[in-house]
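Here are my notes for someone opening this one up for the first time. Have a look at the model, then read the points in order.

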Amino acid sequence: GTGGGMGGTGGGMMAGGMTGGDMKGIKNSDVSRAIFLGGLPDGTTLQDLATLGNAYGPLEQVSMIEAKNFGFVNFLDEQTAITLFQAGQQGRVLLKDVQPSVRWGKARPMHMDLKSKIAGGATRCLYLSNLPINSSEDELKAKFADFGPVVSVKVMRPKEGAVDASSVVGFLNLASIKGACSAMSALQGTEINGRAINISFAKEMTGGGKKRAFGGKSKSRDNRHEAY
């Protein structure tokens, strides 16, 4: 599915802690975790939508109907979606120097099983270790393709002059947390060119202007690698 439907009357309770001033111009019945983005410029990618969404907070999923130039970003909570919605109404949302149409989408209720996995640290971002030294990004994309669109993939090559580098690590971001969970269950310990790969969740990078961290030397405070 596309991860949400467009709608002005989509259900969803108002996030807690909102005041009348915060909710100016927003009907409670419209509020959702999903934001519809229309009129996307040609060439927009899922990575572009994910980067836009991550400037506001972590995502449950991102989806796009390329032929019709629209897409959805689904957040983990309604409060984050409200922030993006309000920015859109104020003309502060840009994609490739174009202001997309920012409207409410309809998010399906999140299953308890998925909520539990998210509480345990699941994200749509995977950290891959023990990869063969000659691993290619196209090879990883193909291996994970059964679990939804691969939004981005990056293999971290050993530094020039590194000794005893027998394996490499990588980051692979899928379009949804559900897809990432399924990929981890199905592919954990499977082999690429004779090496059993190890998969863990990476911490999704959110907010603006944060320095991106790579590899084993830099971990976030909760001991997870920060996603590429």
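**Notes on the model**

1. Let's start with serine 200: leaving out residues up to four places away in sequence, it touches Cys125, Leu126, Tyr127 and Met184 (contact means heavy atoms within 4.5 Å). Serine 200 sits in strand β11. From serine 200 to leucine 126 is 74 residues in sequence, yet 5.7 Å in space, C-alpha to C-alpha. Serine 200 counts as partly exposed because its relative accessibility is 24%; buried means under 20% relative accessible area, exposed over 50%, and partly exposed in between, with a 1.4 Å probe and protein chains only.

2. Before going on, a word on what you're looking at. This is a predicted model, in which local features need pLDDT of at least 70 and side-chain atom pairs count only at pLDDT 80 or more, while totals for chains, interfaces and linings use all residues. Residues are numbered from 1 along each chain as its sequence is written, and side-chain values use heavy atoms, with hydrogens and water left out. Helices (H or I, at least four residues) and strands (E, at least two) are DSSP runs, numbered from the N terminus.

3. Which strands make up the open sheet of four, and in what order? The order is β7-β8-β6-β11, with antiparallel pairing; two strands pair if DSSP finds at least two bridges between them. β7 (150–156) and β11 (198–201) are the edge strands, each pairing on one side only. Strand β6 (residues 125–132) is joined to β11 by four bridges, and leucine 128 stands opposite isoleucine 199 in β11. Helix α5 (residues 177–187) packs on the sheet, where it touches β6, β8 (167–174) and β11, and its direction makes about 155° with that of β11. For that angle, axes are lines fitted to C-alpha atoms, for helices over the stretch in contact, and angles run from 0 to 180 degrees between N-to-C directions.

4. Now the inside. The largest nonpolar core has 26 residues, and Leu126, Leu128, Leu140 and Ile199 are among those with the most contacts inside it. Such a core is a set of buried Ala, Val, Leu, Ile, Met, Phe, Trp, Tyr and Cys residues joined through side-chain atoms within 4.5 Å. The largest share of this core, six residues, comes from α5. Another core, of 23 residues, lies apart from it and includes Leu59, Ile82, Phe85 and Val93.

5. Next, β4 (70–75). Five of its six residues are buried, so β4 is largely enclosed by the rest of the structure. β4 pairs with β2 in the antiparallel sense over four bridges, with phenylalanine 36 opposite phenylalanine 72. Strand β3 (residues 59–65) also runs antiparallel to β4, joined by six bridges, and valine 62 stands opposite valine 73. The hairpin of β3 and β4 has four residues between the strands, and asparagine 69 in it takes a positive phi near 55°.

6. Last, helix α2. Its buried residues, including Ile82, Leu84 and Phe85, pack against β2 (34–38), β4 and β5 (101–106). Aspartate 77 caps the N-terminal end of α2, with a side-chain oxygen 3.1 Å from the backbone nitrogen of glutamine 79. Just after α2, glycine 91 takes a positive phi of about 70°.

Definitions and conventions:
A polar contact is a pair of N or O atoms within 3.5 Å; within protein, one must be able to donate a hydrogen and the other to accept it, and residues adjacent in sequence count only if both atoms are side-chain atoms.
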